[in-house]
Amino acid sequence: MPPPKIQRQRQGRTTSSLQKSTDIQRFMNTRSETSQQPSDESASTSNPTMADGEWRTVLSDSLKKTENTICARLITKIDDLRKDLNEVSDRVTGLEHTTQVHETQIQDDKNRHDDQIKKIQDAILLDRVYQRKYNLLLYGIPESREENAETCVRDFIHSKLGLDQAKVDAILFANVHRLPRVKKLPGTDRPNPIIMKFISYPMREEVFRLARQNGPKLRDMRVSLRSDLPPELKAIRGKLASKAYDIRKNQGYQTRITERGIAVTLEVRESSERPWKRVCLGDNP
């Protein structure tokens with residue numbers, strides 16, 4: 001029997017040989033499996049290709065279903081929004097109509113109230129005119145410090161208007177005095193007007209009629225006799241008097257200013273044989 005050492009070496013070589021044989025056998029088995037793998041892979045490769053086509057079909061169908069669902073929901077939502085918009089539009093139209101009706105009513109009420117206010121204002125103005133109906137204003141009579149206004153008026157009525165002295169002496173005045181001018185034109189020093197209040201209205205009318213008959217003569221003297229009017233009507237009469245002056249100067253027409261109630265009008269005519277024609281501020285005769 002060999003020594004133990006040699007025996008152990010032999011056993012190591014045997015074990016090593018057996019290990020190498022095992023490894024070689026495993027390698028061969030591996031090669032054999034590797035040689036058979038392409039056919040398996042080709043089979044497995046063909047199956048995923050078919051599965052991929054089916055997957056694309058399923059995915060496409062799913063996308064179409066999703067798209068149809070979304071479109072249907074959007075259409076429904078749009079229809080709901082359109083209905084809401086139509087309802088809002090109808091409400092706005094109704095509100096606009098209601099507002100227009102209210103505006104019309106308000107405008108009608110305003111016009112009615114304006115008419116009522118105008119009537120009240122005209123009534124007040126007419127009352128102020130009536131309060132002055134017994135008065136006359138005499139413009140252009142020179143002033144003197146020691147003058148007597150009533151004596152100046154009586155002398156004017158007799159000497160310039162031609163009223164009989166007995167009638168002049170019989171005139172009864174409630175008051176006669178000078179009025180201070182509220183505003184004098186720059187560069188002028190015209191005398192202040194004289195206001196006279198008659199006791200008798202018929203006598204007042206007779207004196208006023210004589211003044212109208214002697215209008216051209218009084219204008220040459222730069223003297224005028226006018227009715228006493230509220231300030232707003234005096235302003236209208238002043239504008240009409242300025243227009244009447246231009247008409248007489250440029251066209252040679254006869255002019256007169258008439259006063260009826262609160263209406264102050266300018267009338268013109270070409271000659272004494274022609275009728276009077278009313279002229280407004282913006283008109284040409």
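Among contacts between residues at least 6 apart in sequence, what percentage join residues at least 24 apart? And how many aromatic pairs does the count come to?

A: In this predicted model, 55% of the contacts between residues at least 6 apart in sequence join residues at least 24 apart. The protein chain has 285 residues, and buried residues make up 21% of them. Six helices and seven strands are assigned. Read from the N terminus, the elements run α-β-α-α-β-β-α-α-β-α-β-β-β.

Confidence comes before detail. Mean pLDDT for the protein chain is 82, with 78% of residues at 70 or more. Among the elements, β3 has the highest confidence, at 96, and α1 the lowest, at a mean of 75. Over residues 34-48 the pLDDT stays under 50, and the model has zero contacts there beyond four places in sequence.

Now the aromatic side chains. The count comes to two aromatic pairs. Y134 and Y201 form one of them: the ring centres are 5.4 Å apart and the planes stand at 70°, so this pair is edge-to-face. Its members come from distant parts of the chain, 67 residues apart, with Y134 in the loop between α1 (4-131) and β1 and Y201 in helix α4. Both rings have some accessible area. Y134 counts as partly exposed because its relative accessibility is 30%. Y201 has a relative accessible area of 27% and is partly exposed as well.

The other pair joins F173 and F198, whose ring centres lie 5.0 Å apart with the planes at 50°, so the pair is tilted. F173 belongs to strand β2 and F198 to strand β3, so this pair ties together parts 25 residues apart in sequence. F173 counts as buried, because its relative accessibility of 14% is under the 20% limit. F198 is also buried, at 2%.

Apart from neighbours within four places in sequence, Y201 is in contact with K133 and Y134. K133 is 68 residues from Y201 in sequence, yet their C-alpha atoms are 8.0 Å apart.

I157 is in turn a member of the largest nonpolar core, which holds 24 residues; L138, I157, L161, M196 and V207 touch the most other members. Elements that each supply at least two residues of this core are β1 (135-139), α2 (149-159), β2 (173-178), β3 (194-198) and α4 (201-213). The most comes from α4, which gives five residues. A separate second core has 12 residues, among them V129, L229, I247 and L266.

Aromatic rings also meet charged side chains. R212 has its charged end over the ring of F208, at 4.7 Å from the ring centre. R226 places its charged end over the ring of Y139, 4.9 Å from the centre. The side chain of R226 also makes a polar contact, at 3.5 Å, with the side chain of S224. S224 is in strand β4 and counts as buried, because its relative accessibility is 18%. Not counting residues up to four places away in sequence, S224 touches L137, L138 and Y139.

R222 sits in the loop between α5 (215-220) and β4 (224-227). Its phi is near 60°, a positive value in a residue other than glycine. R222 counts as exposed because its relative accessibility is 60%, whereas S224 counts as buried.

To put the two ring pairs side by side: Y134 and Y201 are edge-to-face, and Y134 and Y201 are partly exposed. F173 and F198 are tilted, and F173 and F198 are buried.

Note on methods. Residues numbered from 1 in each chain as written. Predicted model: local features only at pLDDT ≥ 70, side-chain atom pairs only at ≥ 80, totals over all residues. Heavy atoms only, no water. Core = buried A, V, L, I, M, F, W, Y, C linked by side-chain atoms within 4.5 Å. Buried < 20%, exposed > 50% of the residue type's maximum accessible area, 1.4 Å probe, protein only. Helix = DSSP H or I, 4+ residues; strand = E, 2+ residues; numbered from the N terminus. Phe/Tyr/Trp six-rings, centres within 6.5 Å; stacked < 30°, edge-to-face > 60°. Lys NZ or Arg CZ within 6 Å of the ring centre and 35° of its normal. pLDDT = per-residue confidence, 0-100. Contact = heavy atoms within 4.5 Å. Polar contact = N/O pair within 3.5 Å; in protein donor to acceptor, adjacent residues only side chain to side chain.
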